[in-house]
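Good morning, everyone, and thank you for making time for this short talk.

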Number of protein chains: 2
Amino acid sequence: MLRGTFEKTLEQYKGILENIGKYVTLTNEETEKLIAIIRTTKIKKRQFIDQPNYVCQYRNYVVKGAFRSYFIDNEGKEHTVQIALEDWFVSDFYSYITQTPATLFVEALEDSTILQMTYDDIEGLCKEIHALSEYFRISTERAFAFSRKRALSNLSLTAEERYLELLNRYPNMIKRVPQKVIASYLGFTPEFLSKIRRDLASKS
Amino acid sequence: MLRGTFEKTLEQYKGILENIGKYVTLTNEETEKLIAIIRTTKIKKRQFIDQPNYVCQYRNYVVKGAFRSYFIDNEGKEHTVQIALEDWFVSDFYSYITQTPATLFVEALEDSTILQMTYDDIEGLCKEIHALSEYFRISTERAFAFSRKRALSNLSLTAEERYLELLNRYPNMIKRVPQKVIASYLGFTPEFLSKIRRDLASKS
């Protein structure tokens with residue numbers, strides 16, 4: 001790759017390369033190999049990138065925009081499993097890892113841009129590049145640990161405390177994501193979330 | 001290491017080496033380096049290997065025995081987060097990954113033997129040995145994916161279906177682990193689990 005082109009390309013993949021750089025150092029050659037397996041895709045608001053019965057093909061990295069993954073139970077009730085903004089990965093992770101049909105919907109909440117890498121491409125490159133294997137090992141271990149912690153928070157915090165925790169950690173999320181999605185993510189009804197917000201407003 | 005000694009050692013670590021062998025191939029030299037960071041520990045029934053306020057020092061692999069990890073909420077109610085039998089890893093994973101104080105209890109349900117590896121030793125060896133990095137990457141990705149699937153099962157299956165799923169997948173677990181622990185793991189009261197078992201017995 002020519003030097004000028006390489007630098008321009010680096011700018012395009014700045015977010016994911018900085019994220020990787022938090023954990024490991026890739027050589028220029030390794031960075032080029034990684035970029036070669038990335039496909040940049042624009043997704044319109046309300047478009048789905050995963051849906052039940054289709055195998056999740058890509059590990060998706062959010063460059064710009066917002067997504068939610070959700071599940072519809074037998075009573076037709078929606079449960080929001082994940083909300084993802086910039087620099088998060090989002091997919092039906094079980095479907096992706098096992099390469100079996102998905103059970104989740106993954107929907108764009110805004111017009112978005114994502115980076116997509118297929119399962120086979122990532123597996124191949126992790127076998128070839130030790131540092132990339134380390135990146136996915138460490139970042140997945142952390143995501144798993146934080147997901148366990150979130151499950152414990154749901155057991156130990158009150159509804160109001162859980163809302164405040166989300167508000168403090170991700171003030172952006174509360175502003176950008178519809179209230180009914182936030183409510184579903186926290187396991188509340190939209191009415192209950194409105195009540196909590198009214199109560200908090202009257203206290204401050 | 002002498003050949004005879006090495007073969008004897010391999011026998012001692014058969015379970016974990018077979019588990020690793022499902023995903024990657026270690027050279028003899030890499031296997032020796034891994035074995036060098038493993039400490040074998042015997043744990044008495046009812047003994048704790050992790051508890052709140054202490055940093056989880058080890059990734060623990062169960063060679064023989066059974067463990068449960070649980071959390072006590074503000075009302076004093078126990079929630080069983082994980083049950084682990086032979087060839088499973090068990091710890092307060094958030095505490096281990098972040099090296100911060102634990103919030104879970106991890107307790108032996110039987111006299112047990114475990115293999116223990118410290119966070120620093122594993123991190124060091126994963127940086128050195130590409131295949132070991134791959135093993136922990138792939139096994140953690142699978143554990144995370146299955147944990148997500150379990151959370152969805154809790155939303156989509158009836159109580160009876162969840163009990164039957166556990167019974168079919170881990171018939172051994174139901175036999176060896178106290179009913180109140182199984183009930184707490186499934187989110188039931190012990191009385192409700194007894195009712196399900198009576199209902200199933202009367203059907204068969």
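Predicted model: local features only at pLDDT ≥ 70, side-chain atom pairs only at ≥ 80, totals over all residues.

Let me begin with the interface. The size of an interface is often given as the accessible area lost when the parts come together. For chain B and chain A, the buried area comes to about 3500 Å², and carbon and sulfur atoms give 65% of it. If you look at the chain B side, the residues that lose the most area to chain A are Y94(B), R137(B) and F144(B), which together make up 19% of what that side buries. As for the residues taking part, the contact draws 37 residues from chain B and 37 residues from chain A.

Which elements of chain B give two or more residues to the side that touches chain A? They are β5 (78-84), α4 (93-98), α5 (119-128) and α6 (130-156) of chain B, and the largest share, 19 residues, comes from α6(B). Sorted by class, that side of chain B has 16 nonpolar, ten polar and eleven charged residues.

Now to the symmetry. A rotation of 180 degrees, with 0.0 Å of shift along its axis, superposes chain B on chain A with an RMSD of 0.0 Å, and the two copies are therefore related as by a two-fold rotation axis. In chain B, the C-alpha nearest the axis belongs to R137(B), and it lies 2.0 Å from that axis. The same surface serves both copies, since 100% of the contact residues of chain B recur in chain A.

Finally, let us look at a sheet within chain B. Four strands form an open sheet in the order β1-β8-β3-β6, and the pairing is antiparallel. β1 (39-43) and β6 (89-90) of chain B stand at the edges, each with a single partner strand, so one side of each has no neighbour in the sheet. Strand β3 (residues 58-64) of chain B is joined to β6(B) by two bridges, the two strands running antiparallel, and here Y61(B) stands opposite F89(B) in β6(B).

Notes:
Residues numbered from 1 in each chain as written. Chains lettered and ligands numbered in written order. Heavy atoms only, no water. Contact = heavy atoms within 4.5 Å. Buried area = accessible area lost by both parts, 1.4 Å probe. Nonpolar A, V, L, I, M, F, W, Y, C, P; charged D, E, K, R; others polar. Least-squares fit on C-alpha atoms with pLDDT ≥ 70 in both. Pairing = 2+ DSSP bridges.
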